[in-house]
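Please read the following note alongside the sequence and the three-dimensional structure.

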Amino acid sequence: SAVAIDTSATDVITGDPTNLMGTAQWGGVVLSGRGITSDGEEVATEAAPSDGERFFGGTDNEDSSGSLEYIIIAESGFAFTTDEEVQGLTIEAAGSGTTIDFVQVLRSDDDCVEWYGGAADASHIICNGVEDDGLDIDQGYVGNIQFAIVRMGAMAGNHGIESDGQDLNTPFTAPNIANLTVLGNAGSQETVGALHRENFQGKVYRSVFTDDLLAGGEVDFACLNVD
């Protein structure tokens, strides 16, 4: 299922549609599926207000959460409480039957795209001006990501990739990532090209982690940080 979460029912499509320079104007897009996660078959989502509960996860990594193609998700990202937020695009245990292609996330106040388990592939992804992580990969995600550009925000931006294998819980997070470009732009945070930690089993091919020279920015802390 696909759910668009906004902070106010009247604030979704308002203002000047040619001015997309804001952040956190609404929540974002959430795809929830019945794929496999390292946290079990029924996982409570972060992408819900405190007065409601939603769950995702199951046993079917071939599950479909529909198609998401040729869209721009702009001025998104919203934190309900500390460590509970929605990203520009949140993918919760969506299976390989899901189509995610030609998607730009513009000026997310949190992560650009975050995967929680499942096996949904994604291609032709642009993260433009992200204020936290570009590609955040957790809870046993085992899909493929190809042809992506992550351009960190000028005033903030944490990791181009943040990957987490969830300690000893299985399945381990093990995506294949290819043809990725990460452009660092240190602002108020130390920008890291990629942070891989806690039994991450993924592979990265034909990818570049470098400074965003045209914007006058740079990878401030490290191109790669392996924990």
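Predicted model: local features only at pLDDT ≥ 70, side-chain atom pairs only at ≥ 80, totals over all residues.

1. Residues are numbered from 1 along each chain as its sequence is written, and side-chain values use heavy atoms, with hydrogens and water left out.

2. A disulfide is a covalent bond between the sulfur atoms of two cysteines. In the search it is taken as a pair of cysteine sulfur atoms within 2.5 Å. Strands (E, at least two residues) are DSSP runs, numbered from the N terminus. The link of Cys112 and Cys127 is left-handed, with -80 degrees about the S-S bond.

3. Are these cysteines buried or exposed? Buried means under 20% relative accessible area, exposed over 50%, and partly exposed in between (1.4 Å probe, protein chains only). Cys112 counts as buried because its relative accessibility is 1%, and Cys127 is likewise buried at 1%. Cys223, by contrast, is partly exposed, with a relative accessible area of 37%.

4. Side chains of opposite charge can pair when their charged atoms come close. A salt bridge is counted when a side-chain nitrogen of Lys or Arg lies within 4 Å of a carboxyl oxygen of Asp or Glu. The whole structure contains 4 salt bridges. One of them joins the side chains of Arg54 and Glu92 (3.8 Å, N to O). Arg54 lies in the loop between strand E3 (43-44) and strand E4 (55-56), and Glu92 in strand E8 (residues 89-92), so the pair ties together parts that are 38 residues apart in sequence. Glu92 is buried, at 2% relative accessible area.

5. Which residues are linked in a network of salt bridges? They are Glu162, Asp164 and Arg197. Glu162 meets Arg197 at 3.6 Å, N to O; this pair links Glu162 in strand E14 to Arg197 in strand E16 (residues 192-197), 35 residues apart. Arg197 also forms a salt bridge with Asp164, their closest N and O atoms being 3.9 Å apart. Since Asp164 lies in strand E14 and Arg197 in strand E16, this pair ties together parts 33 residues apart in sequence. Glu162 is buried at 12% relative accessibility, as is Asp164 at 10%, whereas Arg197 is partly exposed at 24%.

6. The second largest pocket has a volume of about 240 Å³. Of its 17 lining residues, the closest to its centre are Glu46, Glu85, Glu114, Tyr116 and Asp136. Strands E10, E12 (135-138) and E14 (159-164) each give two or more residues to the lining. A pocket is an open set of points on a 1 Å grid over the protein atoms alone, where a 1.4 Å probe fits, with protein on both sides within 12 Å along at least five of seven lines; lining residues have an atom within 4 Å of a point. The volume is the space filled by probe spheres set on the points, which are joined across faces, edges and corners.

7. The lining of this second largest pocket divides into 1 nonpolar, 2 polar and 14 charged residues. Here Ala, Val, Leu, Ile, Met, Phe, Trp, Tyr, Cys and Pro count as nonpolar, Asp, Glu, Lys and Arg as charged, and the others, Gly among them, as polar.

Technical notes: Helix = DSSP H or I, 4+ residues; strand = E, 2+ residues; numbered from the N terminus.
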